[in-house]
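Hello,

Here is the structure for you to look through. My notes follow below it.

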Amino acid sequence: MRRLPILGSSGKQYWRSLGELQGSAEFEASLANEFPEGATEAPSGVSRRNFLSILGASAALATLAGCRRPEEKILPYAKAPEEVIPGNALYFATALPFAGTALGLLVESHEGRPTKIEGNPRHPDSLGATNLYAQATVLDLYDPDRSQHPLERGEKRTWAEASTFLASFGQGLRTSGGKGFAVLTGAHRSPTLAKQLAKLQEVLPQAKVYAYEPLSRQNVREGAKLAFGKLLEPVRDVAKARVIAAFDSDFLALEGSAIKHARGFAETRKLDQVQDAKNLSRLYVVESSMTVTGGAADHRLRMKSGEVAGFVFALAHELAQSHGITLDGDVLASLGAAKTTNGDKAAAWVKALAKDLAANKGQSLLLAGERQPASVHAVVNLLNLALGNVGATVKFVPAFDEASDGPESLLALTKAIDAKDVETLLVLGGNPVFDAPADAEFARAFGSLMTIHVGTHVNETAAVATWHLNQAHYLESWGDVVAEDGTASIIQPLIAPLYGGKSDIEVVAAVAGIQGSGYELVRATWKAGLLDVDFERKWRRALHDGFIDGTAHRDVLPEASTADLGAAIKATKAADDGFEVTFAPDVHAYDGRFANNGWLQELPDPIYKLTWGNAALISPATARELNVTDGEHVTVDVGSGRVSLPVIVAPGQADRSVALAIGQGRRQVGRVGKDIGVDVFPLRTSAGFGFVSGATVSKGPGTTNLPRTQEHFQMEGRQLVRETTSEELLADAQVIRKMDPISPPLLSLWHDWEYKGHRWGMAVDLSTCIGCAVCVVACQAENNIPVVGPDQVLLSREMHWLRIDRYFEGTQDDPVSVSQPMTCQHCENAPCEQVCPVAATTHGPEGLNDMVYNRCIGTKYCGNNCPYKVRRFNYFNFSKREITEQRKMQYNPDVTVRTRGVMEKCSFCVQRINEAKIAAKREGLDRVPTDNVVSACAQACPTGAITFGDLNDPNSTVVKKLSLQNELGYRLLDFLNVRPRITYLAKIRNLNPELESA
Amino acid sequence: MHGRYIFPRWSNRVAPFALVGVLGAATTAAAALGYYGTTKHLEVGYEPVQPVPFSHKLHAGDLGMDCRYCHSTVEKSAFAAIPPTQTCMNCHDKVLTESVKLLPVRESAATDKPIPWVRVHNLPDYAYFDHSAHLAAGVGCSTCHGRVDQMVRVRQEQPLSMGWCLECHRNPGPALRDPADITKMDWQPDPAALSNVSFTAKNGRELQPPQHCSGCHR
């Protein structure tokens, strides 16, 4: 690779793909081109010539149509709602039930249309930030492929007909006492739904209720039962931890209260002064495939998911043997028998980690992944208890309910169906026909029943159900939900149901013969519950705040009660030498429910940058063993099922472990998710629900051109990410400064800009950026960024204004990773401004690099001259293709929707800046008050790694964040003298000296 | 002998003359389009027929109602919203309750369906004009909308082109008035103010009328 002589060096070589590391010929050739081969070709179906003729025809029509002034109508309200001022957004608090907790949200609403989701700063589980899925749910609301009416055996029915059916159906059940009737729910946490189900069982004493969740947290609950003798759920306070050890757990991005965890983790990694480097937390991660959490780790040990149990047992054993941790005798003996460490490195890890944990009693935290068996969770719980962490970094609260939602409950249901104990089944949400474990044979059993499915989409389950009832989206219906720590929120609708759907609460009530709308039912629950005294005032307060104050559980102080644990440890299967298959939620589709969401499908996953679909992740060594490369197919056979899918050669993946993402390859899905990805549920059985060993993996026929953004947007190996260790920083505060490139004196042909008013700028702290990519989706939602589809991503035409560059460092088998958010740098001497022939991109008086779409003629000179490759060109009218009326309702009315042929890029959310400035003017202020503008990316960021504000305001958060800019700050490609506006703060890792050599 | 098959001599001059003629016509056409194809000529004077023959002259002029009685959001929002039917009915459920002209209004109030007013002042979607910012600075209604109090049917008075906007943004002085006079229709700029370039509002706040692109385009 070519390297410029002026480059500085940190002695580390960063690379972003295996092609780059190995210097492959294709990669070298790709460096010279901004866009890959074929990027100027038209999409398939329309040849270039044919396309030009279409273009010619539409141009002619446009000229004729342009002669007449279009008549536009203004339709005011007949009766205006009290709070609505046309043009001004309103914000309402609500909550999203998600992954065993609730996210408190503030939803932006324009004249009754919810358009953007933000976190509720006062809610304990969202803390003002959001996750990927919360951001994307607003697109789901307007999904034109949503189920729009009830169906009876595939025939359209009206809700009047469906209601009549439900009433007579309920009547029939009540006369028979509910014999042969069962309800299947997801892992809900709604007090009102729980109450309706309890009432249903009162009137139908023989009815059964089952629960199933494809990403079940049953192991976590059972782990608490094994350790403490009762059902408890852990609530972590990562901010209090100095040493964190995660075992196959992606707790920063996908498991449990990930936002809260990430915020806590960031708290422990913040530097206000150089001396704070002494107090940084240290994160150890043991996992099979690289996750966001693994990428953020100080030390990462890759091992098969199946080996993690043995490792945790060895760690517990070591802590008991050498560090005076007291464990029950039977448990200790079982640990001694079941412990395994594969290799010297793992053995060294056990010693070092045990020592570090023992030295930080009361401020360490151990976490096990949700797919790890209950025995691992139990041992982790016992270690947390013995290390004095319970009550400090982790507390335990009573479980929401006793229901088991693991694969066993579906097995039990199928068995009951086969025994004719269940003859009619009501499925509340979910998609069990698609996501049931293969050995449950649920689809077959389901087909033999009279079934009612309630869901927002006509999915695989709805398609074969006797009745399908279209469910209201959570933004359309009343409900309630309890967060992980017990904090309750009322879910209030932002819009009336678009297609007249009903919520699950309403359907259950209808079957049970309970009168009342969802609103009345939710109010009744709380009137009879915690809000009984002074109800109306408290209810309004709860709706306003987004949560009910004082509902958080007091923690239970558990005691070890390990009667069954010894046996469970001995029964935990040890890994073998063969191939292992692991199952994880797909970043795009989650468990399949978001498969039809364009924003999520097009989001490059945080580590391997795959968009639109899933692939099998295998390590480079395994790829050599199987003789496959990126995109070639492998056949994975676990005995009970086999699946063929493309591979990604994944640096950091454990050898002989194949990571699969569930939820893609949906068969009954809308236009977005059609033919995307591969369904891996045929491989997932109740016994191998999290991972399974003993698989056969072989090279299969076929290749897929995977739409990855990995090798696009090269930066030719310059010093773009900088990192050091806390030790080095403490020894020499200038260690990052010394990485500055040796640059000639930088003279400019232009006069410096003078900023009298505001000077907007951004700081990005790489120490706390975990690369979770929430900012990318938030930006897409805020700025009307189009979705282009997999074919266009392959041509490097994705339109994201903000991307996350992920760099690997180290060997390809076992690298560490750094994530770097990258967007328009709003340069002082912006190279784009200087080459635009029509002045469509210019410098604003507050330092913004303005982009004027209506002036742009699409020469793309600016994109060619941008050293950061952050400008995006609209090759087609992406915002017009297949845009339905529903989809348009999501658009942010404060941002122009761009058309074909114009450039676009990050505007620093200029619409938010202007809104704040105009608000200040209305109030007669000279300046925008401190921190009154926050960009969409900074607002969504769970860790606060991105801060935005006025650099001319000494009190602003961004200025405070930059207090260490002389030591840690750097600007990208400084030697070009483009003087970027975004300052990056170098990443600081806190290494354990004992493990550095290991 | 071949004479009748040969073009006459003068025909040699047709091409250059035609060229000059075509070029001239093209130049004239371009110049005409450039001059007459602007909003100043195409849009000023636009006066569409409205579904209800509402007279601003009667309400704002003769009766002297303040603009903000109906356009109540003008100080709070980017839009000076057309009032809801409710606002009309505040008076008209007592006044002229039998009027045929008001039939659409009563219909709208009864059926909760909006009255489809025709938009007169229409900016392109990529221009984000904000009424409240202009009022806060002391730019009054009549500066851009003309003497609406004398219009029976509302008509566009100003070109609303970017050049026209910028003229004022570069020299806001003559357009600024005391905030108390915002809706005063017969307000005239102080002749002394016409020549001075002022960036201070009458309430003393320093004005920063944006002249950069993202001031209006986002």
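**Where the chains meet**

In strand 1 of chain B, Val118(B) is the bridge partner of Lys73(A). Strands (E, at least two residues) and helices (H or I, at least four) are DSSP runs, numbered from the N terminus. This is a predicted model: local features need pLDDT of at least 70, side-chain atom pairs count only at pLDDT 80 or more, and totals for chains, interfaces and linings use all residues. Residues are numbered from 1 along each chain as its sequence is written, while chains are lettered from A and ligands numbered from 1 in the order in which they are written.

Strand 2 of chain A pairs with strand 1 (residues 117–118) of chain B. The sense is antiparallel, over 2 bridges. Pairing takes at least two DSSP bridges between two strands.

In total, 35 residues of chain A are in contact with 38 residues of chain B. Contact means C-beta atoms, placed from the backbone, within 7 Å. On the side of chain A that touches chain B, helix 30 of chain A gives the largest share, 6 residues.

**The cores**

A nonpolar core is a set of buried Ala, Val, Leu, Ile, Met, Phe, Trp, Tyr and Cys residues joined through C-beta atoms within 7 Å. Buried means 20 or more other C-beta atoms within 10 Å of the residue's own. The largest core has 290 residues. Val312(A), Ala616(A) and Cys775(A) have the most contacts inside it. Helix 10 (residues 305–322) of chain A gives the largest share of this core, 10 residues. A second, separate core has 16 residues, including Ala60(B) and Leu176(B).

Best wishes

Terms used:
Buried ≥ 20, exposed ≤ 12 C-beta atoms within 10 Å, placed from the backbone. Contact = placed C-beta atoms within 7 Å.
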